[in-house]
Amino acid sequence: MTNITLEPNGKPLGPKVLGLDLGQEVPEADFAEVQRLYEEYGVIVIPGQDISPQDLIRFSKRFSELVRFPMVQFNLPEEPDILVVSNVIEDGKPIGVGDAGRCWHTDMWYTDNPPRGSLLHAREVPVKDGRALGDTMFASTAHAYDTLPADLKKLVNGRSATFSHDFHAEWRAAKAAEQADDKSAARKTRSATSIPDIKHPLVKTHPVTGRDCLYVSEGAIVGVDGMEHAEAMALVDELLAHVTREEAVYRHNWKVGDLVMWDNYSCLHCAIADFPSSMRRRTGGLSNQINMKESGQRCRGGAGQSIYSVQNG
């Protein structure tokens, strides 16, 4: 028996999950239902959560152990397992990561084993004329594969793409420069660390649900095996356009206390930067690790190691 009710939104992902208080220990039946809905929809929204960093850590530990985020300068001092994601400046210094996720992407694609899941909890939200700014959009890569035309499925199945962190840094810098009054924004997006290119299959099979999912990120792919560069880039653009069709996108308008949990294996997300830096914003996240297999190689029931990292501000 569970106290949870579901409020659908007409999209393939992003329903509200009601009846939870994460400030308290979540009953086993309710937690099992959260896991089930997370696996079914890929993105779930748990609104109205007035929780502390300790509450977030306790909730995340129900999934698995925590791992500390490597950007230690933005970890919360009293809870260093928590990463602050914020544009707030205090004493002349940023308290968190201020410009994360402003393109369609899946988290940590530049690693061998990207995290399965992420979670954001809104602590401060910019508001103008009564409406919250800084929405986050989500698109289902599982739904995208299911609805992909047969000829495209045949083309992408079994192919790997080369993802480049260095290229992505330059791409972000150029994009920021186009939108900025000066070059300072572009300089801020550049990474001080060079990370080797890495290959991922364009189609991966979800290790828990067994669904095939497209695996792409905007401004990250520099080549596709067995294809000329121009042909490969045209394919990536077509895949991204298919994933992010308006009818398949859930756009979340944040409220303080919202907690949004998404599955990086089965969705992309994109943060909307429609507010000036003078308007304060703080959110946070949680990520977990389960190895993802190439299409046709299913790993059942979360087999293997499962790790969560907390990122909250």
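Q: Which residue stands opposite Thr-162 in E18?
A: In this predicted model, Thr-162 faces Gly-223 of E18.

Q: How many bridges join strand E14 to E18, and in what sense do they run?
A: Strand E14, residues 160-163, is joined to E18 by three bridges, and the two run antiparallel.

Q: What sheet do these strands belong to, and in which order?
A: They belong to an open sheet of three strands, ordered E15-E14-E18, with antiparallel pairing. Strand E15 (198-201) and strand E18 (221-224) are the edge strands, each pairing on one side only. From one strand to the next, the twist averages 30°.

Q: Moving on to E19, E13 and E21: what do they form?
A: These three strands form an open sheet in the order E19-E13-E21, and the pairing is antiparallel.

Q: Why is one side of E19 and of E21 left without a neighbour in the sheet?
A: Strand E19 (249-252) and strand E21 (267-271) stand at the edges and each has a single partner strand, so one side of each lacks a neighbour in the sheet. Ignoring direction, neighbouring strands here are turned by 20° against each other on average.

Q: And how many bridges are there between E13 and E19?
A: E13 and E19 pair over four bridges, in the antiparallel sense. Within this pairing, Phe-138 stands opposite Tyr-250 in E19.

Q: Now for Thr-141: where does it lie?
A: Thr-141 lies in helix H3, which covers residues 141-146.

Q: Is Thr-141 buried or exposed?
A: Thr-141 counts as buried, because its relative accessibility is 1%, and buried means under 20%.

Q: Which residues is it in contact with, leaving aside neighbours within four places in sequence?
A: Thr-141 is in contact with Asp-212, Cys-213, Leu-214, Val-243, Tyr-265, Ser-266, Cys-267 and Leu-268.

Q: How far apart are Leu-133 and Lys-255 in sequence and in space?
A: In sequence, Leu-133 and Lys-255 are 122 residues apart; in space, they are 9.5 Å apart from C-alpha to C-alpha.

Q: Last topic: in which strand is Asn-75 found?
A: Asn-75 is found in strand E5, residues 75-76. Asn-75 is buried, with a relative accessible area of 10%.

Q: What does the side chain of Asn-75 reach?
A: The side chain of Asn-75 reaches the backbone oxygen of Pro-80, at 3.2 Å.

How values were computed: Residues numbered from 1 in each chain as written. Predicted model: local features only at pLDDT ≥ 70, side-chain atom pairs only at ≥ 80, totals over all residues. Heavy atoms only, no water. Buried < 20%, exposed > 50% of the residue type's maximum accessible area, 1.4 Å probe, protein only. Polar contact = N/O pair within 3.5 Å; in protein donor to acceptor, adjacent residues only side chain to side chain. Pairing = 2+ DSSP bridges. Axes fitted to C-alpha atoms, helices over the stretch in contact; angles between N-to-C directions. Contact = heavy atoms within 4.5 Å.
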